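Subject: Structure handover and findings

Hello,

I am passing the structure on to you below. My notes on what was found in it follow.

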Amino acid sequence: MFAKDKIIERIVRVNQAGEIGAQRIYNGQKFVFKLFNNKKEYEIFSEMAQEEKEHLDYFNKLAKEKNIKPSKLAPLFDIGAFAMGVSTALIGPKAAYVCTEAVEEIIEQHYSKQIDQLDKIDTDLQKKISKFRNDEAHHKETGNKNSDKSHPILKKLINKTTEAAIFLAERT
Ligand SMILES: [Fe+2]
Ligand SMILES: [Fe+2]
């Protein structure tokens, strides 16, 4: 396999795992907000979840076309992310926004790195990831606007968890 293909394979695999995680976090939060009849947050998180679905659908399709196997840890991300969504939303809306902010700032950096890597390798994929990065930056801002800088330790913890998940997904 060419080095180029290897880079693309790695990118698709880690992003597919990441977008599964994103989808599950938002679904966990939506589940809690629905349970507690919190219409405002339910709507805001549904909107972000809808964009995550677009991201995940794209990487799923690409993985299928290119015959790229999912990360072996995908089932763990699935469960872990849902738990993270549920638990942050149970602490309260502010903690849920802290979670969004913490995850999305790491994903924004992660996508920026990939956009650089894809220079002269795959401009279609590069364009898509640029679009997704803008969505993630927008999610980050929504989190930032509503989190009131609360729960700083939780934020650090989620930053680190997200970094660890990326590290693992790139290698499994
Ligand atoms: Fe996403
Ligand atoms: Fe996002």
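Does glutamate 105 count as buried or exposed, going by the C-beta neighbours inside 10 Å? Glutamate 105 counts as buried, because it has 21 C-beta neighbours inside 10 Å and the cut-off for buried is 20 or more. Please keep in mind that this is a predicted model. The position of glutamate 105 is in helix 4.

Nonpolar core

The largest nonpolar core has 37 residues, and the members that touch the most others are Ile25, Cys99 and Val103. At least two residues of this core come from each of helix 1 (3-35), helix 2 (39-65), helix 3 (74-91), helix 4 (93-117), helix 5 (123-147) and helix 6 (152-169). Helix 1 supplies the largest share, eleven residues.

Leaving aside residues up to four places away in sequence, cysteine 99 touches Ile25, Met84, Thr88 and Ile158. Of these, Ile25 is itself one of the core residues that touch the most other members.

Glutamate 163 belongs to helix 6. It counts as partly exposed because it has 13 C-beta neighbours inside 10 Å, while the cut-off for exposed is 12 or fewer.

Helix packing

Two packed helices are described by the angle between their axes and the distance between the axes. Two pairs, both involving helix 1, are given here.

For helix 1 and helix 2, the axes are 8 Å apart and the packing angle is about 155°. Helix 1 is therefore roughly antiparallel to helix 2, as the angle is over 145 degrees. This crossing is left-handed. The residues in the contact of helix 1 with helix 2 are 13 nonpolar, eight polar and six charged.

For helix 1 and helix 6, the axes come within 9 Å and cross at roughly 140°. That angle makes helix 1 oblique to helix 6. The crossing of helix 1 and helix 6 is right-handed. On the helix 1 side the contact is formed by Arg13, Val14, Ala17, Gly18 and Gly21, and on the helix 6 side by Ala165, Ile166 and Ala169. By class, the residues of this contact are five nonpolar, two polar and one charged.

Loop between helix 5 and helix 6

Two residues of this loop may be worth a look for their backbone angles. Aspartate 148 sits in the loop between helix 5 and helix 6, and its phi is near 55°, a positive value in a residue other than glycine. Histidine 151 is in the loop between helix 5 and helix 6 as well. Its phi is near 50°, again a positive value in a residue other than glycine.

How do their surroundings compare with the cut-offs? Aspartate 148 has 10 C-beta neighbours inside 10 Å and so counts as exposed. Histidine 151 has 21 other C-beta atoms within 10 Å and is therefore buried.

Regards

Technical notes
Residues numbered from 1 in each chain as written. Chains lettered and ligands numbered in written order. Predicted model: local features only at pLDDT ≥ 70, side-chain atom pairs only at ≥ 80, totals over all residues. Core = buried A, V, L, I, M, F, W, Y, C linked by C-beta atoms within 7 Å. Helix = DSSP H or I, 4+ residues; strand = E, 2+ residues; numbered from the N terminus. Contact = placed C-beta atoms within 7 Å. Axes fitted to C-alpha atoms, helices over the stretch in contact; angles between N-to-C directions. Parallel < 35°, antiparallel > 145°, perpendicular 65-115°, else oblique. Left-handed = near helix turned anticlockwise from the far one by under 90°. Nonpolar A, V, L, I, M, F, W, Y, C, P; charged D, E, K, R; others polar.
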